[in-house]
Amino acid sequence: MIEVNRQGEVWVFAEQEAAALSEVPLELLGKGRELADKLGVKLAAVLLGDGVKDLASKLIAYGADKVYLAEEPRLGYYQANGYAKVLCDLIHAHKPQICLFGATPIGRDLAPRIASAMKCGLTADCTDLQIGDHELPAGQGKHENLLLQIRPAFGGNIIATIINYDRWPQMATVREGVMPMLQADATRKGDVIDCDVNLNGTELPLKIIESRRTQKKVNLKSARVIVSGGAGVGSRENFKLCWDLANCLGAAVAGSRAAVDLGYIDRDHQVGQTGTTVRPALYIAVGISGAVQHRAGMAESAKIVAINTDKDAPIFGVAHYGIVGDLNVVIPKLIKAIRAGGRIDSNLPTAESGRKTKLGAGSNA
Amino acid sequence: MGYSCVVLVKQVPDTKRITGQAMNDDGTVNRAALPTIFNPEDLYALEMALDIRDRFGGTVAVVTMGPPAACEVLRESFYRGADRCVLITDRKAAASDTLATSYILSCAVRKIGRSDVVLCGRQAIDGDTAQVGPQLAEKLGIPQITCVQELHVLNGQTIRVTRNIGNGFELVECRLPVLLTVLDGAPMPRPSAGRRMMKYKKARARVEVEMDLAARMPDADQATRSAQVQTQMAVLAEKNLQIEQWTLADIGADLTWCGREGSPTKVHRIQSIVLTGKGHKSVQATDEAVAGMVEELITDHTIG
């Protein structure tokens, strides 16, 4: 651990693969910028890899004041021990007060290894970060300007705010897709600092024999309309109704974790804490009770329609339109209404079939 | 001589089954009102360890940290095939965060002796942090391979596995010892074996025997009772029905790294999810009402 260091910088781990940045580090820079400005300190990105120098300007454009660059052929492919060693050395040398990682497979592999080596705290999968004060009980004083690490816990039934006031740096992994990115500004100036890499053979224990990347078949993130089903849909057969509704809206189909676990839909389609975070123009939640873990992945949708037989389902708390009813009854009515362009008309004129195409054109699911 | 596998498991509240009754009036979760289960991904870790033993030879020890009730997951481990089960139970371990937990578990794994493969589920459903695995690997000074979906081969001192990292797969090789965190996409856990169940349902940890005797002999004095405990424990040991029970002192843990004091993360605030409800528009499940809603969505350009 390092001592509490109020002048310490805010750091963002600039995760890259095959010398390409994903969106997560850029999202983290957006949030990191806000935190650093509030604390009056610098925001730095930490970039490890081989042949990644060119990415530094992008990190600066997205908000970094500095980029710590650690280039080394053996860092070309991520592995926990080597990356953790380099990052721990950098933390010891520069004593940042906050270190943020994406809650990605790499971030969730790396950050705990570092936290354990540093003997400092780490909060997983935060959905928000703020700067705030913490009062100790019984007038023992207070700690000012701490990183408030906010995350759903206990299966999403509570929201916990976690702090770490003495064993720094304050570390957190942050969910993908929840922090807004800044507009890239190519005129921004920043320093690139070359860092020494000290690795011995024992820090690279893994041999990666083969690595395959699968293109996600579904792109929920860019869908304008999403129809999403939960456990309440009841069966894989019933789930077909969600597909039917999506077809007539040109929407993407998604599912809650419960629906995925029940085998109603593939994991690629999962929205929520452990799935994808989405912000479509319209999110239609069918038979989804709405645990906070699911809501964390969709509550930012511009419009939410909830269909559920349980009038007390938490999903109605975030919905704009709530329909209490059986999906087998409601969805056909919805499809009929959409085909009719919102008019009550059970005898569709044939010209209305053109409507389908028009509705579909707005989305790119 | 085979491979020595140690599996770390956790008893967790079944967070999928939280209902109104499981919430306290102040909105917090009443853990006592929740059913507890074997953390789902830990079952896959146990299966992988049993598979290693079956295919390549060796032993499987299962360790859990928790209150006496956590013996339930250890008995279940016996039913499925574990050779040895250990309960770490100590009030001083309460309120441990992931860092303190991984420290305590590392002391326990060391006490078990040589371990070639340490396994745990990727994450527990009550916290979903996925931190204890990598932290434990660091504390033990061994490499970690997270998100393991398939074990291909153990060959002398080398293991080869497939990781599922969400957007792809990696085939990875590593020298032993190593820590694996196992995903629920790994081979299905075997069911409990009937004969093992008949035998191991009688397996007990000392604390369970003590609690049982306290209930059955409320009036007995201390000496009588502890003599009884000794007798019963000896019988259990003879029949190999003992769940070993260790305190923090037994595993040589330094208390400054355990429990609340050993945990750098503190809770600043807990909010239960009380939906304030900005108020949604209630739509009747009739043709007219549904069409009205669709018309509004078209009018405000949400769809269409």
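In chain B, strand 8 and strand 9 pair antiparallel over seven bridges. Strands here are DSSP runs of E with at least two residues, numbered from the N terminus, and two strands pair if DSSP finds at least two bridges between them. This is a predicted model, where local features need pLDDT of at least 70 and side-chain atom pairs count only at pLDDT 80 or more, while totals for chains, interfaces and linings use all residues. Residues are numbered from 1 along each chain as its sequence is written, with chains lettered from A and ligands numbered from 1 in the order in which they are written.

Back to that pair: Val161(B) has Val172(B) of strand 9 as its bridge partner. The hairpin of strands 8 and 9 of chain B has three residues between the strands, and Gly166(B) in the turn has a positive phi of about 80 degrees.

On to strand 7 of chain B, residues 144-155, which runs antiparallel to strand 8 of chain B with six bridges. Val148(B) stands opposite Arg163(B). Two residues lie between the strands of this hairpin, and Gly156(B) has a positive phi near 60 degrees.

How much of strand 8 of chain B is buried? Five of its seven residues are, buried meaning 20 or more other C-beta atoms within 10 Å of a residue's own, with C-beta atoms placed from the backbone.

Now the other chain. Strand 13 of chain A, residues 206-213, is joined to strand 9 of chain B, residues 168-175, by seven antiparallel bridges. Arg212(A) has Phe169(B) as its bridge partner there.

Definitions and conventions: Helices (H or I, at least four residues) and strands (E, at least two) are DSSP runs, numbered from the N terminus. A residue is buried if 20 or more other C-beta atoms lie within 10 Å of its own, exposed if 12 or fewer, and partly exposed in between; C-beta atoms are placed from the backbone.
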